[in-house]
Each structure stands twice: as C-alpha cells, then as structure tokens.
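Dear colleague,

Please find below the structure that I am handing over to you. My findings on it follow directly after.

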Protein chains: 2
Amino acid sequence: MNSTDRSDPTDWCEKKLRFIRLTVAYDGTDFCGFQFQPNRRTIQTALEDAIFRVTGETLRVVGAGRTDAGVHALAQVVSFSTRCVYEPQALRRALNSELPEDMVILEVADAPHGFEAINYALGKRYRYLIDDGAARDVFARRQAWRVWQRLNISLMNQAAQLLCGTHDFRSFQNAGSSRLKTVRTVRELIVERRPYGDHDRVVIEIEADGFLYNMVRNIVGTLVQVGKGKQPISWPAEVLAAQNRKIAGMCAPPHGLYLVKVYY
Amino acid sequence: MNSTDRSDPTDWCEKKLRFIRLTVAYDGTDFCGFQFQPNRRTIQTALEDAIFRVTGETLRVVGAGRTDAGVHALAQVVSFSTRCVYEPQALRRALNSELPEDMVILEVADAPHGFEAINYALGKRYRYLIDDGAARDVFARRQAWRVWQRLNISLMNQAAQLLCGTHDFRSFQNAGSSRLKTVRTVRELIVERRPYGDHDRVVIEIEADGFLYNMVRNIVGTLVQVGKGKQPISWPAEVLAAQNRKIAGMCAPPHGLYLVKVYY
C-alpha cells in the first residue's frame, strides 16, 4: 500500500486485503505447541484471540514453524491477512496488550500480497540449550536440557560438521511426519559454550533449508552421546548413512529448543 | 572433626553434634519466602523436610538472609546442627534428591562448633536485574523487573556512588522491620549492563555489612527514577540525608532480587 491508501482508511478498509507478517517470541513452557487444538492453550489460538479482540476479525494465522509443546521461539514468523487499517506499530502495541505475558510480538510488518509464513520460508535456524554444569541451574529448568555429565564440546562440534551439507536425514526424523521428501541441506551446525548469566550453556545452533519432524532434537540427542564419550566422532555420520531412525540417539526434550530465525 | 572421628561412625553418631553449613540456590517464584509459615511452601520448610527424610531428624535450619516471597538466591547460606554421619558430599547428594526442582544445594560443609548462618555473617551481596529492552523478554518475566523505558546506566551509577560508605539508611527501610540500628556500611554499589543470552539486563549489585528491611529494593526503585531522568543524580543522596522513607522511590518488585553471596 502507499500513502494515498492510508489517507482514506474507510475506502482501504473495504477494498484492500492486507498481508501481515508478525515476528513473535514465546516461552513455550505453558503452551501445547503452536498449532490449534480444541480447548488447549496454543500459540495459534492466543494470537487469533488477540487479533479478534483488536480487529473483530475471526481468522486463521499461519506459522513458519509449528513448534511442539514446550518448544520456545525467539523469532517465530506468523502471517495472516486482514482488512484492518492499523499502522504496523499501532497494531503491534494493540496486539501485545492483548497477549499473555509468556508471548510478545517483536515486529509487525506489511508483507507482499499472498505472503504465507510457511510457504515463503527459505530456511530456518534453531538453537538448543543444554545445562551440563556441576550443579543444576534452577533458573534454567524450563529453558535448557539438564545433562548430568560435563560434555566434550570439541568432540561434539567435530561430529556435527559431518552432518553439514545436503543429505537424506530420514535417520533423524520421528514417526508421525507427513514429509515425503527427506533430503535437507544443513547450512551450519555449531556446538559451543556461551555464558548465560552466572552459568554457561552448551549451545547447539543449526540452520537448514528445512527440517524433518523432530530432526533438531534427534540430532542433539545423537551429538550428546558423542559429548559424553559414549560414541565416537564418526557415529552421527554413520547414523545419517544408515537411513534408519532406530539407531540414532534419543530425542532431546522439547524445553531446550528455540526457533531462532526464519529466512525469506 | 578429623579422620579418626570418621572411622568410627557409630561412636561419632552418638556423641558428636555436627554443625553444617549449606550453600543453596533457589528460584523464589513459587515460594512464600525463606521463613517457615504454616501450610505455606517456604525454603525453610523444603530444607527441613528434606533433612527429615534423609536423617530422620526434626530440626530447624537458620538462613543467613530471610528472603521475601519471590526473591531468589544464587548462594544463600543455611546452617543446622545434626548427629547424622553422612560425609558432606553424600549428604549433598542425598538432600538434593529430596529437594524440589526449583531448589538445589550447591555445597555442604562442616562448620565450626556453634556456627549459625545469620549471626556469623559479616556481610552480604545482592543483585537486582532489570529488563529495559525495547520488547519485553518473555524468558525474564519471573527473573527481572520489566521497566518500559531504556535506563541511563551512567546516571544511575553516578547516583549510586553517593550511597556507598557508612550511613543511616532508614530512608530506605520499609515499615514492619524490627531493626533498631539503621546505620549500615555499603561497601560496593555498581550499576552496569550485562549480557543474558540474547538480551542484556541492567544489573545493580550491592554489598554491605548488613541490610535493612527491603533496603535493596528501595534503593533500586530510587536509582531507577534517576535512570529514567525523572530525578537528578543527587536525589538518592538527598533521600538518604532526609532520613524519611516517604520521599524515596518505589520499592522494586521482589522477582528481580537475588541473594548472591554471604561473607563470613
């Protein structure tokens, strides 16, 4: 839209359908995941409820990643179309005032006509946090996976590099997925320690053009076996080559996982 | 005790009263403070319940700082006397297995005969965290005070220096205190920004030989007025000199406050 449209909101309101892109952060602890479920507290429902209270419109929003129950987001991208006439900044403030305290909209922007957060995404970046300190960090218990053994980050990082590139990742896909194509390109996969307040965390960051169901959590569970010294550096690559989910490590729990960025 | 004592646990058990010092971290969110209250979830009760389950002894523990409801601790010190014969490391593991997930014992040590955490303390250090980012950090909502205006840290730090030293701090004491002497020595008071994951926090650290009731939270509320530009740098010193609680800033909320260290 241009400034002429904005000068006549009534006309605009009746004629123009806007496509909106939201950038949303949430603490996934108390949500049953992103996607709508009847009588459950989900991210989608919370956003749609807030939009209804602000615009009066009953609509469906689309998320770039349908995060599972307990999974967090630093910058999830959500799209919807609306006939409301709010400026983006005013819409952000209005929606934020209607959202619960464990969610916040970081940005509202007008998007190209037809924009849909999931179909337009060219890639995503996830982060996984692990608390492997000598004593458990009571402040991290909903935000990082507690592992009772100090992990060898160097081994994990070397193993991780063998998963980078274009591969068939079906060994790291959980059952229950509808994805027929299982080839993905992992652009980056790094394992490092970063300070978080008085503690440090093992941080695993992974960026790919797309992800299979539970792919990040299965990769993390597999790399942790290397970090504990229970499997050699070459093992994740062997799991990948086997194309068999059953030999991979455990699926790491959801509360350590964060959707960090969606690329368009 | 020496190694001879440890070689004969039965004899020791019957004859020796040990004084134990615990270092404890907790997320204060879901506790009604440190001190025992009937039918309430308190730190003291949780520790005493765990000690009972491990040793069979019904006893009272003493904390160095009786933190209020919602206040956290990174290293609270707690003392008690016992006739149990566990080695400190074994006692730590046993107690931790009995504690809820929002508490953890970091250290168990034998203490000098007669040791009491509160009376032996020579000073304490507190930290206060403020989230003043452009968007609220959903992961900090129970761990930092959300302030909707970017604070000027330099002004706050300059004002803070005027509170260092030995003064009568009654202007920063809330009603309901039993403390008759209101002179304390603030050894250090610093205001700075520190990274916490992807965000930063305003961190106010204060160390003193002792604290009046709600003294830290009242100082924080007063410094924030300076950080917002609503009061001049000289104002906290004026509040101090007035010896009148009514003119100080608001009492900052409990969930940003951490007991960081107790000095002996």
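Eleven residue pairs are in polar contact across the interface of chain A and chain B, both residues of each pair being at pLDDT 80 or more. On the side of chain A that touches chain B, the elements that give two or more residues are β1 (18-26), β3 (72-82), β4 (103-111) and β8 (183-196) of chain A. By class, that side of chain A has 14 nonpolar, three polar and nine charged residues. Please bear in mind that this is a predicted model.

Charged side chains also meet across the interface: the rule finds eight salt bridges between chain A and chain B. One of the salt bridges in the model joins the side chains of B:D27 and A:R141, at 2.9 Å from N to O.

As for the extent of the interface, 26 residues of chain A are in contact with 26 residues of chain B. The two chains bury about 2200 Å² between them, and 51% of this lies on carbon and sulfur atoms. Within chain A, the residues that lose the most area to chain B are A:R136, A:F139 and A:R141, which together make up 30% of what that side buries.

Finally, the arrangement of the copies. Chain A is superposed on chain B by a rotation of 180° with 0.0 Å of shift along its axis, the RMSD being 0.0 Å. The two copies are therefore related as by a two-fold rotation axis. In chain A, the C-alpha of A:Y196 is the one nearest the axis, 2.6 Å from it. The same surface serves both copies, since 100% of the contact residues of chain A recur in chain B.

With kind regards

Terms used: Residues numbered from 1 in each chain as written. Chains lettered and ligands numbered in written order. Predicted model: local features only at pLDDT ≥ 70, side-chain atom pairs only at ≥ 80, totals over all residues. Heavy atoms only, no water. Contact = heavy atoms within 4.5 Å. Buried area = accessible area lost by both parts, 1.4 Å probe. Salt bridge = Lys/Arg side-chain N within 4 Å of Asp/Glu carboxyl O. Polar contact = N/O pair within 3.5 Å; in protein donor to acceptor, adjacent residues only side chain to side chain. Helix = DSSP H or I, 4+ residues; strand = E, 2+ residues; numbered from the N terminus. Nonpolar A, V, L, I, M, F, W, Y, C, P; charged D, E, K, R; others polar. Least-squares fit on C-alpha atoms with pLDDT ≥ 70 in both.
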